[in-house]
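Here is a short report on a single protein chain. Please look over the sequence and the model before reading on.

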Amino acid sequence: TLARAAAHTAGLVHIADELLHDELEGIGGSRPNTLSISALKSLSSVRASLLIRALCQKQQLAMPATAHIEELLHKQLHADASRQILVNWPGAEIRRFQDDLYIQQPMPPVPASNWEYEWSGMHALDIPEIHGRLILQPRHGSGIRQSLVKAGLTVKPRGGGEYCQPAGDTHRRDLKTIFQSYHIPPWERARMPLIYHGDELLAVADIVISQGASATGNESGYEVVWQSFH
């Protein structure tokens with residue numbers, strides 16, 4: 001009898017897990033592995049807590065203590081949307097940006113800004129300072145013009161005061177405005193590589209390429225791929 005009861009319980013737990021993971025799809029945020037804050041706020045605290053734990057399980061993250069869940073549900077979700085929220089515990093953290101709740105591995109400290117790499121673009125460039133890799137992929141009519149790549153590239157971090165006119169745009173914009181328009185969370189912005197030719201800013205990671213550097217028509221170009229290892 002005990003064995004049958006245990007088997008039935010295990011079956012129910014499995015079904016509950018499947019239902020929770022299906023429900024995660026319905027309250028997902030705008031980016032992978034995020035939850036919609038507005039959707040969470042419409043749920044009971046018990047249900048929201050189960051879904052947060054389900055997302056942690058899905059990403060193989062350490063489970064939060066009840067105190068962390070309570071802090072998130074009763075304080076942080078109802079804070080002003082402009083505030084940067086961080087709830088963390090060993091092995092995981094929760095951050096908030098706009099209507100997305102990010103549940104992820106802890107971010108490493110913001111790197112020093114004194115690194116710089118010369119890059120031919122012909123091979124992948126590993127950047128340990130910001131835990132990522134840059135790759136250029138050949139394209140026609142888009143990406144950074146081939147002539148600029150062949151002339152040699154420099155990759156360095158954001159230092160402040162940079163401006164770029166994104167391809168297709170009619171105005172130069174500062175990086176803060178560009179990051180906001182592309183909905184890049186604040187904690188990722190210092191970890192975005194900038195690609196230069198001389199003093200000319202050609203690209204901001206794989207977000208934008210400048211108007212003056214963009215290949216058009218039948219020109220050969222290179223698409224930027226930024227792989228973050230966070």
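Which residue takes a positive phi in the hairpin of S13 and S14? Ala205 does, with a phi near 45°. That hairpin has 3 residues between the strands.

## Basis of the model

This is a predicted model, in which local features need pLDDT of at least 70, side-chain atom pairs count only at pLDDT 80 or more, and totals for chains, interfaces and linings use all residues. Residues are numbered from 1 along each chain as its sequence is written, and side-chain values use heavy atoms, with hydrogens and water left out.

## Overall make-up

The protein chain has 7 helices and 15 strands. Both are DSSP runs, numbered from the N terminus: helices are H or I with at least four residues, strands are E with at least two. Of the 230 residues, 40% count as buried. Buried means under 20% relative accessible area, exposed means over 50%, and partly exposed lies in between (1.4 Å probe, protein chains only).

Contact means heavy atoms within 4.5 Å. Among contacts between residues at least 6 apart in sequence, 62% join residues at least 24 apart.

## The five-stranded sheet

An open sheet of 5 strands runs in the order S5-S9-S12-S13-S14, with antiparallel pairing. Strand S5 (117-119) and S14 stand at the edges, each with a single partner strand, so one side of each has no neighbour in the sheet. Two strands pair here if DSSP finds at least two bridges between them.

Take the pairs in turn. Strand S9 (residues 153-156) and S12 pair in the antiparallel sense over 3 bridges. Lys156 stands opposite Leu194 in S12. Strand S12 (residues 194-197) is joined to S13 by 4 bridges, again antiparallel. There, His197 has Glu200 of S13 as its bridge partner. S12 and S13 form a hairpin with 2 residues between them, and Gly198 in the turn has a positive phi of about 65°. S13 then meets strand S14 (residues 208-209) through 2 antiparallel bridges. Ala203 stands opposite Ile209 in S14.

## Cores

Strand S13 (residues 200-204) is mostly covered, with 4 of its 5 residues buried. How much of a nonpolar core does a strand like this supply? First the term: a nonpolar core is a set of buried Ala, Val, Leu, Ile, Met, Phe, Trp, Tyr and Cys residues joined through side-chain atoms within 4.5 Å. The largest has 33 residues, of which Trp119, Ile127, Leu134, Ile144, Val155, Ile195 and Val204 touch the most other members. S13 gives the most to this core, with 4 residues.

Ile127 shows the packing. Not counting residues up to four places away in sequence, Ile127 touches Trp115, Tyr117, Gly132, Leu134, Val155, Pro193 and Trp226. A second, separate core of 26 residues includes Leu77, Val87, Trp89 and Leu101.

## Strand S15 and its partners

Strand S7 (residues 132-140) pairs with S15 in the antiparallel sense over 9 bridges. His140 stands opposite Ser220 in S15. Strand S8 (residues 144-145) also pairs with S15, antiparallel, over 2 bridges. Arg145 stands opposite Gly221 in S15.

## Largest pocket

About 570 Å³ of space lies in the largest pocket. A pocket is an open set of points on a 1 Å grid over the protein atoms alone, where a 1.4 Å probe fits, with protein on both sides within 12 Å along at least five of seven lines; lining residues have an atom within 4 Å of a point. Grid points are joined across faces, edges and corners, and the volume is the space filled by probe spheres set on the points.

Of the 18 lining residues, the closest to the pocket centre are Arg31, Gln104, Glu188, Ser228 and His230. Strand S4 (100-104) and strand S15 (220-228) are the elements that give two or more residues to the lining. The largest share, 3 residues, comes from S4.

Arg95 sits in strand S3 (residues 92-97). Arg95 counts as buried because its relative accessible area is 15%. A polar contact of 2.7 Å joins the side chains of Arg95 and Glu93. Such a contact is a pair of N or O atoms within 3.5 Å; within protein, one must be able to donate a hydrogen and the other to accept it, and residues adjacent in sequence count only if both atoms are side-chain atoms. Beyond its neighbours within four places in sequence, Arg95 is in contact with Ile85, Leu86, Asp100, Leu101, Tyr102, Gln104, Met107 and Trp187.

Val46 lies in helix H3 (residues 45-58). Val46 counts as exposed, at 58% relative accessibility. The C-alpha atoms of Val46 and Leu73 are separated by 9.8 Å, and the two residues are 27 residues apart along the chain.
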